[in-house]
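Reader: Please take me through one part of this protein in detail. I would like to look at its pockets and what surrounds them.

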Amino acid sequence: MTLPELEMVLEWAAAEGWNPGLSDAASFHAADPGGFLLGTLDGEPVASIFAVRYGSGFGFIGGYIVRPAFRGKGYGMQIWRAGMALLAGRNVALDGVPAQQANYARSGFRLAHRNVRYEGRGSTLPAPSRVLPLGAEDIDELLAYDRAFFPEDRVVFMRCWLQQLGSVMLGVREGGALLGYAVLRPCRNGFKVGPLCAESPDVADELLQALRGRVPEDEPIFLDVPEPNAAAVALAARHGMRACFETARMYTGADPALPLARQYGITTFELG
């Protein structure tokens, strides 16, 4: 896909209720410009898949869509095979809807854990005093901190992600050390938090409270939580958020054993 074609596919995703960010396309495309495949029929786009390569050994599948009028004709399987071929030889991950787990299992994927999307509302509560705004001068530090939370290097993607138009970056430091950070970005419907990584539940709570304060009270805010992190589930409940969607994190290879106890918000279901 070209970048305009990827923007078109994200409109398909919006129609499916996936609620992508307003400026996600440029960050996605930067991650792996050759990793976004478009299936056409007589020149008409009908199907998509993201098969993004990270480093030398990891890949992520997302954006797997067949337009409604063209479903049930085998086009989805054709583009699925093309995407998986692009990632041959890698440990491949995806965040799929639970109803498709059996289908993914037939393609060699194994369940690692559930992710749960929580929906809440903005707040007028003040930001905790330790929470600080972060900017371009902090990006190298954030990229180094983020490395622990992903199986392979994703610096190119995250450098763009952290500078999305309209996004907010907040962090907590103590004694000069970064104890956590979070990103808020505007979406078709409300705002999404991701990533949110922190060294303790208290830091995660401070960051989420501060981000909610950046969202109008009548607007929704979403947080995608890895369910094995019980403190993250409790965090969402404490902020009055309710579960509204879930995915299954699956891998074709070994579970990379990411530090989920410090991961309170996943960056994006589409790219990991």
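Author: Domain bounds here come from an automatic or database domain assignment. On that basis the chain is divided into domain 1 (3-113) and domain 2 (117-265). The C-alpha centres of domain 1 and domain 2 lie 24 Å apart. Their contact (heavy atoms within 4.5 Å) takes 39 residues from domain 1 and 33 residues from domain 2.

This is a predicted model, in which local features need pLDDT of at least 70 and side-chain atom pairs count only at pLDDT 80 or more, while totals for chains, interfaces and linings use all residues. Residues are numbered from 1 along each chain as its sequence is written, and side-chain values use heavy atoms, with hydrogens and water left out.

Now the pockets. The search runs on a 1 Å grid over the protein atoms alone. A pocket is an open set of points with protein on both sides within 12 Å along at least five of seven lines, whereas a cavity is a set where a 1.4 Å probe fits but cannot get out. Lining residues have an atom within 4 Å of a point. Grid points are joined across faces, edges and corners, and a volume is the space filled by probe spheres set on the points.

The largest pocket holds about 590 Å³ of space. Domain 1 (3-113) and domain 2 (117-265) both give residues to its lining, so the largest pocket lies between them. That lining has 27 residues. Trp18, Tyr64, Ile65, Val97 and Tyr104 lie nearest the centre of the largest pocket.

β3 (58-66), α3 (75-86), β4 (91-96) and β11 (242-251) each supply at least two residues of the lining of the largest pocket. β3 gives the most, with six residues.

The lining of the largest pocket divides into 13 nonpolar, eight polar and six charged residues. Nonpolar covers Ala, Val, Leu, Ile, Met, Phe, Trp, Tyr, Cys and Pro; charged covers Asp, Glu, Lys and Arg; the others, Gly among them, are polar.

The second largest pocket has about 170 Å³ of space. Its lining is Tyr64, Met77, Trp80, Gln100, Asn103, Tyr104, Arg106 and Ser107. The elements giving two or more residues to this lining are α3 and α4 (101-106). The largest share, three residues, comes from α4. By class, the lining of the second largest pocket has four nonpolar, three polar and one charged. Tyr64 and Tyr104 line the second largest pocket and also lie among the residues nearest the centre of the largest one.

Next, the setting. The chain has eight helices and 12 strands. Of its 272 residues, 54% count as buried, meaning under 20% relative accessible area; exposed is over 50%, and partly exposed is in between (1.4 Å probe, protein chains only). Along its principal axes the C-alpha trace spans about 55 × 40 × 35 Å.

Phe157 lies in helix α6 (residues 155-161). Phe157 is buried, with a relative accessible area of 1%. Phe157 and Ala31 are 126 residues apart in sequence and 4.4 Å apart in space, C-alpha to C-alpha. Leaving aside neighbours within four places in sequence, Phe157 is in contact with residues including Ser27, Phe28, Tyr54 and Leu271.

Definitions and conventions: Helices (H or I, at least four residues) and strands (E, at least two) are DSSP runs, numbered from the N terminus.
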